[in-house]
Amino acid sequence: QAYRFPTVGELYQAVTTGTVLSVPNPDLKPERARSAELALEHRDARGTLRLSLFNEVVDNALIAQSGPLPPVTGTFSYVQNVDRTRARGIELALNRGDVVPGIDLSGSITYSDARTVKDAVFPAAVGKLLPSVPHWKASAVVTWRPVDAISLTAAARYASRNYATLDNSDRVGNTYQGFYRYFVVDARALFRVNENLEFALGVDNITNDKYFLFHPFPQRS
């Protein structure tokens with residue numbers, strides 16, 4: 001069981017950033033999280049394999065939002081208490097060296113179902129996905145060492161569609177201030193000359209995936 005108390009800024013500080021006003025709320029309550037996890041893990045000389053089941057219920061969840069606050073017009077940023085949220089899911093994680101000679105593999109895949117269970121102030125949010133928590137997230141890293149002085153690495157990251165609003169009303173995700181799915185592949189080559197000198201060359205986002213998590217994220221570089 002854990003608690004998170006609202007910060008002084010969330011309680012009392014009004015700050016303007018451009019045209020967005022951060023609105024404090026001195027009546028915010030602390031949130032209480034009750035979390036449980038069951039994990040099965042196998043270990044041997046080459047690494048680990050872990051399967052986890054998790055469940056978390058949060059009362060008075062402190063969740064940041066932005067948007068209008070009627071009857072005043074304009075854009076506001078604020079933190080509110082959500083009566084109850086629930087997140088449950090499963091994760092498989094792998095970290096293995098020398099899967100075949102010279103090749104290391106690590107990665108994980110997570111399924112999460114995180115939703116608003118109760119919100120008397122904003123009933124439209126009930127049953128919707130929590131902000132910034134997608135159903136699926138996955139990553140994988142493969143490293144090949146053809147000789148001791150050279151390592152070649154490829155890495156991939158994936159996340160399914162997620163939302164910024166409690167009622168999931170921000171349906172257009174692939175634009176500025178939107179949140180969208182992404183699949184990014186990176187690569188890196190490392191050449192070791194001696195104990196004191198090495199060179200590396202890398203390319204991030206090889207497929208030049210164009211995606212947004214509020215801001216546009218870097219394309220191929």
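**Surface, fold and local geometry of the predicted chain**

The chain exposes about 13,700 Å², of which carbon and sulfur atoms supply 59%; accessible areas come from the Shrake-Rupley method with a 1.4 Å probe, and for residues only the protein chains shown count as cover. This is a predicted model, in which local features need pLDDT of at least 70 and side-chain atom pairs count only at pLDDT 80 or more, while totals for chains, interfaces and linings use all residues. Residues are numbered from 1 along each chain as its sequence is written, and side-chain values use heavy atoms, with hydrogens and water left out.

Buried residues make up 29% of the 221 residues (buried means under 20% relative accessible area, exposed over 50%, and partly exposed in between, with a 1.4 Å probe and protein chains only). The radius of gyration of the chain is 22 Å, whereas a compact globule of 221 residues would have a value near 17 Å; this radius is taken over C-alpha atoms, and the globule rule is 2.2 Å times the number of residues to the power 0.38. Along its principal axes, the C-alpha trace spans about 65 × 40 × 30 Å.

The chain holds 1 helix and 13 strands, where helices (H or I, at least four residues) and strands (E, at least two) are DSSP runs numbered from the N terminus. The order of elements from the N terminus is β-α-β-β-β-β-β-β-β-β-β-β-β-β. Of the contacts (heavy atoms within 4.5 Å) between residues at least 6 apart in sequence, 53% join residues at least 24 apart.

A hairpin of 2 residues joins strand 10 to strand 11, and Phe191 has Phe199 of strand 11 as its bridge partner.

Pro101 sits in the loop between strand 6 (72-100) and strand 7 (103-118) and counts as exposed because its relative accessibility is 79%. Pro101 and Lys29 are 72 residues apart in sequence and 55 Å apart in space, C-alpha to C-alpha.

Asn168, in the loop between strand 9 (150-159) and strand 10, has a positive phi of about 55 degrees although it is not a glycine. Asn168 counts as buried, at 9% relative accessibility. Asn205 lies in the loop between strand 11 and strand 12 (212-213); its phi is also positive, near 55 degrees, and Asn205 is buried with a relative accessible area of 2%. Most residues other than glycine have a negative phi.

Conventions. Two strands pair if DSSP finds at least two bridges between them.
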